[in-house]
Amino acid sequence: MALTGRHRPPAGHAFSPHDAVLRAAAPRLARRRFLTVTAAAAALAFTTNLPARGAVAAPERDAARIPDDPFTLGVASGDPLPESVVIWTRLAPEPFEADGGLGEERVTVEWEVAVDELFGAVVRSGTATAHAEYGHSVHVDVTGLFPGSTYFYRFRVGTFISPTGRTRTAPAAFSPVSGLRLAAVACQAYTDGYFTAHRHLAQEDVDLVFHLGDYLYEYPVDSAGGARQYAGGTLPDVFNRETLTLADYRLRYALYKSDPDLRAAHAAHPFAVTWDDHETENNYAGALDENGTPPEQFLLRRAAAYRAYWENQPLRAAQLPKGPDALLYRRLQWGTLAQFDILDTRQYRSDQAYGDRPHAPGPESDDPARTLTGAAQERWLLDGWKASGALWNVLPQQVCFSQRKFDVTADAPLSMDAWDGYRASRDRIVAGAKAAGVDNWMILTGDVHVGYAFDVKEDFDDPGSATLGTEFTCTSVTSGRDGTDRPANWDTYMQANPHMKFYNGRRGYVRVELGRQSARADFRTLPAVTTPDAPVSTAASFVTEVGAQGLKPA
C-alpha cells in the first residue's frame, strides 16, 4: 500500500498566528533548558515554523545497530473513521534518555494490519520513517479498510517486533448502527498512584475510549514515583523537575508510557484524545499561564508541550501543531447512531475571572465577550449540530459544563475554571443545541477527579426547567490518590445542586453504552490506587431514554 506521506515531516507549514511573538522571544530560547545545541536549534525551528535543516537528510540508523527493543513505549491507535484508523508507536530503546537512545538518526519502520491476531491475513502493510525531529514517533493513517471492522496491527524494526494492537474502524457513514460501547478516562497523575484503572479498561468490551485530558502532569516526579513508593533511586533525576522544554515533555511521556497498564489499554482499544491543562501547565488560559509569565515566553513552552502531545498520541497530520497552535477540536461519526464533537477548552479561552478563585457569578465572569471555546470553535460546534443526522450528539470535553455550586447559600461560589466561570459562553452553547434540535445530548467530562452525573438543565437555578441532556464526569485514573466514596462536601453539593444525581470520589472511569432506545452509564471505581492490583466494581449505573432526557438509576 502506498503511504499518504503523513508519517513524514510536512514540506511546508502554514504560518502560526503567533509567529511574530515567537520570533521576538527567540533570543530567550538559549536560556531555556535544552541538552544540546542541536536540540535547541530544532526546537526554535518548530516553534517559529522554520524548517530545521537536515530533517529528511539525516543519516539512517541500520536496524542491526539497535541492540535493544525499541518498542518500550508500546503501540496505540485512534480516531477511527469508516475506512481508516491511525496507528502509532514511538521508538525508544532507552526511553529515559533524551534522544530515546537513537540520537539524530532516522529509522525505517515496517508496519502491517491484519484481520487476525496471528497476521495470517495481512490486508495493509508498508514502511514509515521515524525521525528524530518528531521524537522517533510514527503515525500511519491506514486507509482502504472496511467499515465497522476489527483489525490487528504491529510494527517491526529489524528483528524486533512490537506488541500487537487491536483496533477497529467506525461504521459506514449512514449505517443504522444499533449500539456502541465507549469509555471515558482522564487525569492520570503518575505520582498519585498506579494505573490499575487502565488495566481493567483494557479488559472491557468497548469500541472506543475517550481520554479527556491531563494525560500527564508537569510537576516533578521523585525517584520513588510519589505515592507509588518505589525503592529509592528507581527513577532517574531527569523526572524530578517541572516540564518546560520539548526534551522535558518527551521524557515525561516516556515515563507515563512505560507503565504497562497504560500500554495495555492503548493496545486493546482505539483512543480519541484531547488535552486539558496539565499536558502544558496548570490552569493555563490561551497564551497566559498561572504565574504571570510574559505570553511570548509561555508560548514557547506551549509549543513544546503541544508538539510532544502530538508526537505521543495516535493523531492525524491535521492535528500536528504549527508552533504553539494546534487544531485539536474535531468530529467523529458512528454511523447514524452518534456524532462526537471533541472540544479544546484550553487553547482559545479567555483568562479565568476573579483571579481563578472560587467566586459567585459577577460582572467579570458574566461578561458576554468571554469565551471558553473561542469564536471559531463555537461556530464549528453549532454548525455541526445543525447538520447532524445522528441520534446521539456526544460532547467529549474537559471541564464541568453543568452548574456546580460549592455551597447552599444564594451567592454560592462557583469554579471560575469551569463553564460556570464562562456562563455567557455556556448560554450560547445551550441556545445552539436547542436551535439545532439536539434531542439526545450527552456531555463527557474530565478534570475534577470525581465522578458526577448531572441532568443538563435549561435553567440550572430552576429544578423544574426542561432537561436538555446529561453529563457524566469520569473521575480520575489516579489524580487525588485513593479518594473516598463520599467526600466531606457530599451532602452540601447534593443539596446545593439538585440536578446532580451522583457524586463519588473514588478513582476509575465511566463506561457508556449508546443504543437506539436509551443510553446507560456505569461508574467503574477502584478502592485504592496507591497500592497495585485493586479490583474494579460498579459504584452506580444510570439510564437516559431517547427523546426523554433525564437520569434514572439503572
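Tutor: Here is a walk through the aromatic pairs, with a few other spots at the end.

This is a predicted model, where local features need pLDDT of at least 70 and side-chain atom pairs count only at pLDDT 80 or more, while totals for chains, interfaces and linings use all residues. Residues are numbered from 1 along each chain as its sequence is written, and side-chain values use heavy atoms, with hydrogens and water left out.

Okay, rings. The structure holds 26 aromatic pairs. To pair, rings of Phe, Tyr and Trp (its six-membered ring) need centres within 6.5 Å; planes under 30 degrees apart are stacked, over 60 edge-to-face, and the rest tilted. Take phenylalanine 195 and tyrosine 256: this pair is tilted, at 5.9 Å centre to centre with 45° between the planes. Phenylalanine 195 is in the loop between strand 9 (179-185) and helix 3 (196-202), and tyrosine 256 is in helix 4 (residues 246-257), so the pair ties together parts 61 residues apart in sequence. Those helices and strands, by the way, are DSSP runs (H or I, at least four residues; E, at least two), numbered from the N terminus.

Is phenylalanine 195 buried or exposed? It's buried, with a relative accessible area of 0%, and tyrosine 256 counts as buried too, at 1%. Buried means under 20% relative accessible area, exposed over 50%, and partly exposed in between (1.4 Å probe, protein chains only).

Now look at phenylalanine 472 and phenylalanine 523, an edge-to-face pair with 6.1 Å centre to centre and 65° between the planes. Phenylalanine 472 belongs to strand 17 (residues 467-474) and phenylalanine 523 to strand 20 (residues 518-526), so this pair ties together parts 51 residues apart in sequence. Both phenylalanine 472 and phenylalanine 523 are buried. Rings can also gather in a group: Phe406, Tyr452, Phe454, Tyr493 and Tyr503 form one aromatic cluster.

Aspartate 79 has a phi near 45°, a positive value in a residue other than glycine. You'll find aspartate 79 in the loop between strand 1 (75-78) and strand 2, and it's buried, with a relative accessible area of 2%. Histidine 449, also not a glycine, has a positive phi near 65°.
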